[in-house]
Amino acid sequence: MDPRNDTGISEFYLMGFSEELELQPLVFGLFLSMYLITVFGNLLIILAVSSDPHLHTPMYFFLTNLSFVDICFTSTTVPKMLQNIQTQSKVITYARCLTQMYFFILFTGLDIFLLTVMAYDRFVAICHPLRYTVIMNPWLCALLVLVSWVLSVLHSLLQTSMVLQLSFCTEVEIPHFFCELNQMIQLACSDTFLNNMVMYFAAMLLAGGTFLGILYSYSRIVSSIHRISSAQGKYKAFSTCASHLSVVSLFYCTGLGVYLSSAATQSSHSSAVASVMYTVVIPMLNPFIYSLRNRDIKEALMRFSGMPALKEPIILGLKRCP
């Protein structure tokens, strides 16, 4: 399908955060720093896990996939914003805008699905520890990741193809730092009822459905931990999920915060600022959360960098994990 619209508009303008020239170097330096930390931090996680045979397990397989998606997720929006600041140009072509929107929706969906899959992995590890290696076999792990990719691609194709059917008028300024689906729909001068219905239904189905799946997994986990008699056993079991639970809380709370702030203030600028949390800050924090709270990852990073690491016995299904 050709990336064209009925009105012949060939470009949009990404307005970003501030039009004050004196603030542009500060914004550029801040986002460049966060982007580099995100890329190198997640890349270190991938290299550390790949180089350590002890971490070739389902939970770290999902973690490396999440780190890869986080790199792609941030790379979808930040480099273009940095380019615009550097060249003092806010222009993005119609085709590039749709491409950016497509990949943003794709990697957002992948983040959501992978976090759900990781919750299921923790559920199996704690609630069915003796059958963990049998249930979470390599074939099932690969299938779960493949299904996550397929569903995310289909969802992104659906949303992008529906935007292709819209007509745009003379208002081509996007009050955001990237081509966000909701902003694109609001700019259209044709009927957007169907687009809004599909957008909100998909959000409820994907985000709401996966969130319920995560809640169910953790409700079973809490129930299993509650049946453990010793306090040390309870702590060890719960610590296996601490990193993943932290990331899930950050992701869903900031996503909800973006929605509530945009709905309450009706300000696109406030929505753009709030969306920085889940588009830039969370992917940057993920490597720190998983490494600082995870002894296995810290030891793998130390071995990867050539530093001596302390050894710790690994208990099947209850080793510290995402």
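# Exercises on a predicted model

By the rule that a disulfide is a pair of cysteine sulfur atoms within 2.5 Å, the count comes to 1 disulfide. The model is a predicted one, in which local features need pLDDT of at least 70 and side-chain atom pairs count only at pLDDT 80 or more, while totals for chains, interfaces and linings use all residues. Residues are numbered from 1 along each chain as its sequence is written, and side-chain values use heavy atoms, with hydrogens and water left out.

## Exercise 1: the cysteines

Task: find which cysteine C97 is joined to by a disulfide, and find how far the sulfur of C127 is from the closest cysteine sulfur.

Solution. Begin with the bond itself, which joins C97 to C179 with an S to S distance of 2.0 Å. The torsion about this S-S bond is about -120 degrees, so the disulfide is left-handed. Helices (H or I, at least four residues) and strands (E, at least two) are here DSSP runs, numbered from the N terminus. Then consider burial, where buried means under 20% relative accessible area, exposed means over 50%, and partly exposed lies in between (1.4 Å probe, protein chains only). C97 is buried, with a relative accessible area of 0%, and C179 is buried with a value of 0%.

Finally, turn to C127, whose sulfur is 8.9 Å from the closest cysteine sulfur, in C241, which is too far for a bond. C127 is buried at 17%, and C241 is buried at 1%.

## Exercise 2: aromatic pairs

Task: decide whether the pair of F12 and F168 is stacked or edge-to-face, and then do likewise for F73 and F104.

Solution. The rule comes before the cases: rings of Phe, Tyr and Trp (its six-membered ring) pair if their centres lie within 6.5 Å, and planes under 30 degrees apart count as stacked, over 60 as edge-to-face and the rest as tilted. A search of the whole structure finds 15 aromatic pairs. For F12 and F168, the ring centres are 5.3 Å apart and the planes stand at 80 degrees, so this pair is edge-to-face. The pair links distant parts of the chain, with F12 in strand β1 (residues 11-14) and F168 in the loop between α6 (138-164) and β3, 156 residues apart. F12 counts as buried at 0% relative accessibility, as does F168 at 1%.

F73 and F104, by contrast, form a stacked pair, with 5.3 Å centre to centre and 25 degrees between the planes. F73 lies in helix α2 and F104 in helix α4, so the pair ties together parts that are 31 residues apart in sequence. To finish, F73 and F104 belong to one aromatic cluster with F31, F177 and F178.

## Exercise 3: helix α2 and the cores

Solution. Helix α2 (residues 58-75) has 18 residues and reaches 26 Å from its first C-alpha to its last, close to the 26 Å expected at 1.5 Å a residue, where the expected span is 1.5 Å times one less than the number of residues.

A nonpolar core is a set of buried Ala, Val, Leu, Ile, Met, Phe, Trp, Tyr and Cys residues joined through side-chain atoms within 4.5 Å. The largest such core has 69 residues, and those with the most contacts inside it are F17, F31, M136 and I221. A second, separate core of 22 residues includes I92, L98, L164 and L166.

## Exercise 4: two contrasting residues

Task: determine whether A300 is buried or exposed, and whether Q88 is buried or exposed.

Solution. A300 is found in helix α12 (residues 295-304) and is buried, with a relative accessible area of 1%. Leaving aside neighbours within four places in sequence, A300 is in contact (heavy atoms within 4.5 Å) with A48, D52 and L55. Q88, which lies in the loop between α3 (78-87) and β2 (91-93), is exposed at 68%. Phi of Q88 is near 55 degrees, a positive value in a residue other than glycine.
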